[in-house]
Amino acid sequence: MSLLTMILKMSEGLGKTCAIFFLTLLFSLPLGMIVALLRMSKNTVVSSIVRFIITVLRGTPLMLQLLAVTYGPYYLFGANVARNKLIPVVVAFAINYAAYFAEIYRGGIESIPKGQYEAASVLGYSRLQTFMRIVLPQVVKRIMPSVTNEVVTLVKDTSIAFTVSYQEMFTIGKQIANSQTSFTPFIVAGVFYYLFNFIVDRVMGRIEKRLDYYK
Amino acid sequence: MSEKTEHAPSGSAPILEIRGLQKAYDRVPVLKDISFSVSKGNVVSVIGPSGSGKSTLLRCASFLETATGGDILYDGQYAVKGGVYAPKKELNRFRRLFGMVFQNFNLFPHYSVLKNICEAPLLRGADKEEIRERAVSLLKKMGLEGKENAYPCQLSGGQQQRVAIARALALEPEILYFDEPTSALDPELTGEVLKVMRQLAEDHMTMVVVTHEMSFAHAVSHRVIFMDGGYITEEGPPEQIFGNPQQERTKKFLSNYQK
């Protein structure tokens, strides 16, 4: 198999790689905020439960969580394994990344000085207005570097979908590598991930720059 | 009423009245039994050693801290009665009566100067053009003409504090609290801020100022309150407090400021 055919075949999986990437961000970024707010709940029962869930999600491999989401229903209830593997992949990824984002959000929210809340209170802002207008915009700026880190990691983590044979770029590459007894597909995959992250880095850099108008 | 002031206009309730106020943190009392009132147009300075409860007093009056006992009345109406707070809705109504200027300014860093000043009135339904004009004229009064589009990080501490004063004034409060407004500033910047505060006093703005600036307290206030250990241990006109203090503790404290 020529290098070009390899690249073309693997490119066919890039759409699915992108699907995992964008859908995971789409769901995990807001879900992370909900988890963060529950984690910071004054209700200690709620906050301890959420805290425990976060430690499990962060303390066990994403690969294991993916296997659990994909095949768990079959072993537990004899349910059919999803035909479209994209669904369990995105569910597992979104939940896992939400846990990480939640901790990033929490750190950001807790870093906002108390004086900001006090000024807002005296000026008559409601709690929701204070959060949406005063706290959240400042949190977004503060957490951008950590979020960029997670997004870069997510690009590479999409390869974990090969464990459930979802036909994304890396899975196809691994199949070619097996059938052709060649290492070249892995090098191709490496280049793909690097280029992907090159773009991610540029985009995130631009967003950070746009938030640079204040200290 | 527990006391009278020579400046009280007869027949009208004081804008702020505090009776037997108590505040404890984890059973450690900070305010033990505070009573005083402020009439419209008066400037009251609160002085005293660190840890005497001066800031806590302002923070209770502005509902940033929850008092554990006593009464707080605005315009003769109970906001807190016997340590029990009025419903949230009513407290929000009382909140419209006062403004607060903090030691650390607490401007919103992601907003321009203009937005810092205008957003709160806009959220209360003020007219956009009207509030903008008011903001511009307030900035002019603060000596900050042309700074509308600057961000707080581009301003000196003294400028930031004057923006914070403009922000508080934009809501047209009946009474303005200052919590050590110049303690984070060097002497030169302190002067700028005290100048606008003096100007406000001349315009008959009602103010309660927690401060370590004795010459300001002496020159500008109608009444000075000396606090120590959670009590008001002495109060009176500035001439008395600074010229002829009655209590040993007051004398000792003020001797540190004699230059």
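Modeller: This is a predicted model. I would start with A:E103, which is buried, its relative accessible area being 16%.

Biologist: In which helix is A:E103 found?

Modeller: A:E103 belongs to helix α5 of chain A.

Biologist: And what is A:E103 in contact with, leaving aside its neighbours within four places in sequence?

Modeller: With those neighbours set aside, A:E103 is in contact with A:R39, A:I54 and A:R58.

Biologist: Let us turn to the largest nonpolar core. Which of its residues touch the most other members?

Modeller: They are A:M10, A:F21, A:V89 and A:F93, in a core of 52 residues. Several helices of chain A supply at least two residues each to this core, including α1 (3-11), α2 (14-39), α8 (169-180) and α9 (184-210). The most comes from α5(A), which gives twelve residues.

Biologist: What does A:M10 touch, not counting residues up to four places away in sequence?

Modeller: With those residues not counted, A:M10 touches A:M169, A:I172, A:G173, A:I176, A:P185, A:V188, A:A189 and A:F192. Another core, of 45 residues, lies apart from the largest one, and B:L31, B:V46, B:A120 and B:I175 are among its residues.

Biologist: Now the interface. How many residues does the contact take from chain A and from chain B?

Modeller: Chain A contributes 19 residues and chain B contributes 21 residues. The area buried between the two chains is about 1,900 Å², with 62% of it given by carbon and sulfur atoms. On the side of chain A, the most area is lost by A:V122, A:L123 and A:Y213, which together account for 33% of what that side buries.

Biologist: How many salt bridges does the rule find across the interface of chain A and chain B?

Modeller: The rule finds two salt bridges there. A:E118 forms a salt bridge with B:R59, and their closest N and O atoms are 2.5 Å apart. Between chain A and chain B, nine residue pairs are in polar contact.

Biologist: Which elements give two or more residues to the side of chain A that touches chain B?

Modeller: Those elements are α6 and α7 (127-157) of chain A. The largest share, eight residues, comes from α6(A). By class, this side of chain A has nine nonpolar, six polar and four charged residues.

Biologist: Take A:S121 as an example: is it buried or exposed?

Modeller: A:S121 counts as buried because its relative accessible area is 19%, and buried means under 20%. The residue lies in helix α6 (residues 114-122) of chain A. Not counting residues up to four places away in sequence, A:S121 touches B:L64 and B:R95.

Biologist: A last topic, the backbone. What is the phi of A:S165?

Modeller: Phi of A:S165 is near 55 degrees, a positive value in a residue other than glycine. Most residues other than glycine have a negative phi. A:S165 sits in the loop between α7 and α8 of chain A, and A:S165 is partly exposed at 45% relative accessibility.

Biologist: And what about the phi of B:F105?

Modeller: B:F105 is not a glycine, yet has a positive phi of about 65 degrees. Its place is in the loop between β7 (98-101) and α3 (113-123) of chain B. B:F105 counts as buried, at 11% relative accessibility.

Notes: Residues are numbered from 1 along each chain as its sequence is written. Chains are lettered from A and ligands numbered from 1 in the order in which they are written. This is a predicted model: local features need pLDDT of at least 70, side-chain atom pairs count only at pLDDT 80 or more; totals for chains, interfaces and linings use all residues. Side-chain values use heavy atoms; hydrogens and water are left out. Helices (H or I, at least four residues) and strands (E, at least two) are DSSP runs, numbered from the N terminus. Buried means under 20% relative accessible area, exposed over 50%, partly exposed in between (1.4 Å probe, protein chains only). Contact means heavy atoms within 4.5 Å. Buried area is the accessible area (1.4 Å probe) that two parts lose on being put together, summed over both. A salt bridge is a side-chain nitrogen of Lys or Arg within 4 Å of a carboxyl oxygen of Asp or Glu. A polar contact is a pair of N or O atoms within 3.5 Å; within protein, one must be able to donate a hydrogen and the other to accept it, and residues adjacent in sequence count only if both atoms are side-chain atoms. Ala, Val, Leu, Ile, Met, Phe, Trp, Tyr, Cys and Pro count as nonpolar, Asp, Glu, Lys and Arg as charged, and the others, Gly among them, as polar. A nonpolar core is a set of buried Ala, Val, Leu, Ile, Met, Phe, Trp, Tyr and Cys residues joined through side-chain atoms within 4.5 Å.
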